Structures are given as C-alpha cells and as structure tokens.
Amino acid sequence: MNEIRLLHLEKSYQGKPVLRNFTAALRCGEMTALMAPSGAGKTTLLRILMGLDQPDSGRIEGLDDLRISAVFQENRLCMALNPVANIRLVNPSRSREEVAAALRNVGLGDSLSKRTSELSGGMCRRVAILRALMAQYDLLLLDEPFQGLDQNTKRMVMEDTCRRCRGQTVLFVTHDPTELEFMGIETCLTL
C-alpha cells in the first residue's frame, strides 16, 4: 500500500467532539502537514495513530505492522540518562559515535555526558527530536517539534530534520506556516 488512509474518524471526550468525520490520506515516503487551531484534535489524531487512543468510530487502513516513532509536545526523556543513552534507548543498534555525531550536528557536542536533567529546555527538545529521528520507523509523527527553540537553533534543527526525513513517511503538526515552507511540505491537512 502506498498510503495510510484515515477514514471517517470520530472522537469525543466526555461528550465533547474533538474529531468529526475526519478523512485523509498520508502518502508513503512523503511529509504531510497538519494545521489547525489549538484544541481542534491534532494531538488526539496522533494518539489514535499511535494506538494510545481508539477512535469512537471510523478506521485506519495501511497502519498494520508499521513501526511508529514520535516527537510529543512533551520531551518525555529519561532525566537520569545522558543524551546519548536517551537516544540509544529507542535504537540500541545506533553506535555511541553515530549518536554523538548527530548530537554535535544540532549543537549539543558539549552535553554528551551530562545527565539530561542538567540540560536546558531547548537542549532537551533537541534530544527528544533526535531520539525520534534515530529510531527505526515506518511512520514519524512530529507534534509541534520545534516549540521552545530560539530562531537560530530552530533553523539548525529544522535543517537536520529535513535531511533525516527525506523520503520518509511523516505527519508534521505545526501552527507555524513558515515551518511548512522551510520544510518544503506541499501537502497540508486541516481539521
């Protein structure tokens, strides 16, 4: 199958509809954006794709047996581990040297052996992004991945993310249309 189909998805929480009859297709090997205002159901949709929530109705085709990696809105790192160990946690086949080189590419070369709890919020964000990018996946979900990064760091991390995501199936959630332009995303879904 060359796409993942989301068909008539509906989800409510405590009687309040979050997703209403949402239908879309994600083409394999391409990056697709999802834009909508806060509270429109973007994160709910990602949680359904990850299997963390079930839709009230509708179905998803083409997702069976796919490996999924994600950047959540929260970093969800193991704070007692260093950045290298955090990344290797999801993919132990990555060598320490390979992970260290990736961390240097996003400006974290001086933080390789520090505990993650000693890093700033923006530094932790970069570790969380690389952890998802360096996992083995068939589908990558990015939930506002660049939040909390200053402009220069954001540009550096977006360049690295573009390079690593080329040819991959990605669903990219953002509020910022300039990120879509920078990332070269042509297909944009709305809720």
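A residue is called buried here when its relative accessible area is under 20%. In this predicted model, threonine 174 has a relative accessibility of 2% and therefore counts as buried. Threonine 174 is found in the loop that links strand S7 (169–173) to helix H6 (177–183).

The surroundings of this residue can be described in two steps. Leaving aside residues up to four places away in sequence, threonine 174 touches Leu34, Met35, Glu144, Glu179 and Leu180. Its side chain also takes part in a polar pairing: a polar atom of the threonine 174 side chain lies 2.9 Å from the backbone nitrogen of aspartate 176.

In soluble globular proteins, nonpolar side chains tend to be buried together. The largest nonpolar core of the model has 38 residues, and the members that touch the most others are Leu103, Leu140, Phe146, Phe172 and Met183. Two or more residues are given to this core by each of strand S3 (31–35), helix H2 (83–90), helix H3 (96–105), helix H4 (121–133), strand S6 (139–143), helix H5 (151–165), S7 and H6. H4 supplies the largest share, eight residues.

Phenylalanine 146 illustrates how such a member is surrounded. Not counting residues up to four places away in sequence, phenylalanine 146 touches Ile129, Lys154, Val157, Met158, Thr161, Phe172, Glu179 and Met183.

Which residues of H3 are buried? They are Val99, Ala100, Ala102 and Leu103. Viewed down the axis of H3, the buried residues fall within an arc of 160°, so they line one face of the helix. These buried residues pack against H2, H4 and H5. Just after H3, glycine 107 adopts a positive phi of about 80°.

Two packed helices are described by the angle between their axes and the distance between the axes. For H2 and H3, the axes come within 10 Å and cross at roughly 115°, and the crossing in which H2 passes H3 is right-handed. On the H2 side, the contact is made by Pro83, Val84, Ile87 and Arg88, while H3 contributes Arg96, Val99 and Leu103.

How values were computed
Residues are numbered from 1 along each chain as its sequence is written. This is a predicted model: local features need pLDDT of at least 70, side-chain atom pairs count only at pLDDT 80 or more; totals for chains, interfaces and linings use all residues. Side-chain values use heavy atoms; hydrogens and water are left out. Helices (H or I, at least four residues) and strands (E, at least two) are DSSP runs, numbered from the N terminus. Buried means under 20% relative accessible area, exposed over 50%, partly exposed in between (1.4 Å probe, protein chains only). A polar contact is a pair of N or O atoms within 3.5 Å; within protein, one must be able to donate a hydrogen and the other to accept it, and residues adjacent in sequence count only if both atoms are side-chain atoms. Contact means heavy atoms within 4.5 Å. A nonpolar core is a set of buried Ala, Val, Leu, Ile, Met, Phe, Trp, Tyr and Cys residues joined through side-chain atoms within 4.5 Å. The arc is that of the directions from the helix axis to the C-beta atoms. Axes are lines fitted to C-alpha atoms, for helices over the stretch in contact, and angles run from 0 to 180 degrees between N-to-C directions. A crossing is left-handed if the near helix is turned anticlockwise from the far one by less than a right angle, and right-handed if clockwise.
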